[in-house]
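Try each task yourself before you read its solution.

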Amino acid sequence: MADALVSPGVAGVAAAVSVTLLVVSARKVKKSANENLVPLMGVMGAFVFAAQMINFTIPGTGSSGHIVGGILLGALLGPWAAFLTLASVLVVQCLIFADGGLMALGCNLLNMGVCSTLIAYPLVYRPIAGGGQKAWRIVAGAIAASIVGLELGALLVTAETELSGVTALPAKEFLGLMTSIHFFIGIGEGIATAAVLYFVRLYQPALLSGYRIEKGLGAGNYKKAALVFLGIAVVLGVAFAWIASSYPDGLEWSISKITGATDLPATGAAVAHTIASVQKSTSLLPDYESTWSGIIGCAIVVALVWVVCALFTKKHAA
């Protein structure tokens, strides 16, 4: 979401809820003291960052979508570590690349992070996929959870926009467009997520969080798996400019269907202008303007996750 969709009040409430959940997540990660999982969190954050840059076309709509990555992260890291990792991705996107508004960051953490990692993963994916022993359960769980996570996110975007009252978007029409297009995006994300998890199931099933819980296993050594995901992230980070769809994403497409344009004018609130100026000063590569944006973003995400999580686990161990 851009800042133009939300009011300072709604943004403030969303930020408060998001920060609270981030604190809880940090404590959960600290309590687990799984030092072996920290490198995987960083690398998976880089993988999701790079994967989110690859928009795929939704046939027949003139729209595109990208994976959120919450279900994938949840399946490998567990819900709390997944939320912390995905939040790191969203923060880097916002501050360094001006992707999503800084005032709306709390909303984006709720819409993309909470809906996928803390709701859709534990309540939809886990009951369906179980420990990941059967391939069809992984596929069904990934598709169902991806759809649910994105539909919940679409519902929250509409609610936040309506409660903010800073746009003239008709709520009923906006909700219909958002939920319909994100249903198809959810199918695409579910298929992509299932493909990755099926590969993991074949070659290193202990990497799956559900498998470890079912078997009573602790965190193992994931260096080889981390190197594989890091290698894929680097490839995606370099190739994004050539393979990403040029069509507007689901939110932009929904707005354009109503207004005729993908962007809305900025809100007139003074606090919004102040926050926008802060974001402008931190955005070193706005709109991913460099061909090296993917690599730079991956490196920053890895560093951020490793530093934050390593501090938690080491402090707990001490």
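**Exercise 1. A nonpolar patch**

Which residues make a nonpolar surface patch of about 810 Å²? Keep in mind as you look that this is a predicted model.

Solution. 
- Step 1: Find the members. The patch is made by Leu 227, Leu 230, Val 234, Val 238, Trp 242, Ile 243, Trp 292 and Ile 296.
- Step 2: Ask which element gives the most. That is helix 9, residues 223–243, with 6 residues.
- Step 3: Turn to Trp 292. This residue is found in the loop between helix 11 (270–282) and helix 12 (293–317).
- Step 4: Judge how open Trp 292 is. Its relative accessible area is 54%, and exposed means over 50%, so Trp 292 is exposed.

**Exercise 2. The largest cavity**

Work out how much space lies in the largest cavity and what lines this cavity.

Solution. 
- Step 1: Begin with the count. The structure holds 2 cavities of 30 Å³ or more.
- Step 2: Take the volume. The largest cavity has about 60 Å³ of space in it.
- Step 3: List the lining. Its residues are Val 68, Ile 71, Asn 111, Met 112, Cys 115, Ser 116, Ser 146, Gly 149, Leu 150 and Glu 189.
- Step 4: Helix 5 (105–129) and helix 6 (135–164) each supply at least two residues, and the largest share, 4 residues, comes from helix 5.
- Step 5: Sort by class. The lining has 5 nonpolar, 4 polar and 1 charged residues.

**Exercise 3. The second largest cavity**

Now describe the second largest cavity by its volume, lining and classes of residue.

Solution. 
- Step 1: The space in the second largest cavity is about 40 Å³.
- Step 2: Around that space are Ala 75, Tyr 125, Gly 130, Gly 131, Gly 132, Leu 208, Ser 209, Gly 210 and Tyr 211.
- Step 3: Helix 8, residues 209–215, gives the largest share of this lining, 3 residues.
- Step 4: By class, the lining residues divide into 4 nonpolar, 5 polar and no charged. In this sorting, Gly counts as polar and Tyr as nonpolar.

**Exercise 4. Positive phi**

Where do Ala 98 and Asp 287 lie, and what are their phi values?

Solution. 
- Step 1: Start with Ala 98, which lies in the loop between helix 4 and helix 5. Although Ala 98 is not a glycine, its phi is positive, about 55°.
- Step 2: Check the cover of Ala 98. With 29% relative accessibility, Ala 98 counts as partly exposed.
- Step 3: Go on to Asp 287, in the loop between helix 11 and helix 12. Here too the residue is other than glycine, and phi is near 60°, a positive value.
- Step 4: Check the cover of Asp 287. Its relative accessibility is 64%, so it counts as exposed.

**Exercise 5. Sequence and space**

Is Leu 84 buried or exposed, and how many residues separate Leu 84 from Ile 255 in sequence?

Solution. 
- Step 1: Buried means under 20% relative accessible area. Leu 84 has 9% relative accessibility, so it counts as buried.
- Step 2: Leu 84 and Ile 255 are 171 residues apart in sequence, and their C-alpha atoms are 30 Å apart in space.
- Step 3: Phe 56 lies in strand 1, residues 56–58, and counts as partly exposed at 23% relative accessibility.
- Step 4: From Phe 56 to Leu 311 there are 255 residues in sequence and 37 Å in space, C-alpha to C-alpha.

Technical notes: Residues numbered from 1 in each chain as written. Predicted model: local features only at pLDDT ≥ 70, side-chain atom pairs only at ≥ 80, totals over all residues. Heavy atoms only, no water. 1 Å grid on protein atoms, 1.4 Å probe; cavity = no way out; pocket = protein on both sides within 12 Å on 5 of 7 lines; lining within 4 Å. Points joined across faces, edges and corners; volume = space filled by probe spheres on them. Patch = residues over 30% accessible without salt bridge, like charges linked within 9 Å, V, L, I, M, F, W, Y side chains within 5 Å. Areas by Shrake-Rupley, 256 points an atom, 1.4 Å probe, with all protein chains shown as cover. Salt bridge = Lys/Arg side-chain N within 4 Å of Asp/Glu carboxyl O. Buried < 20%, exposed > 50% of the residue type's maximum accessible area, 1.4 Å probe, protein only.
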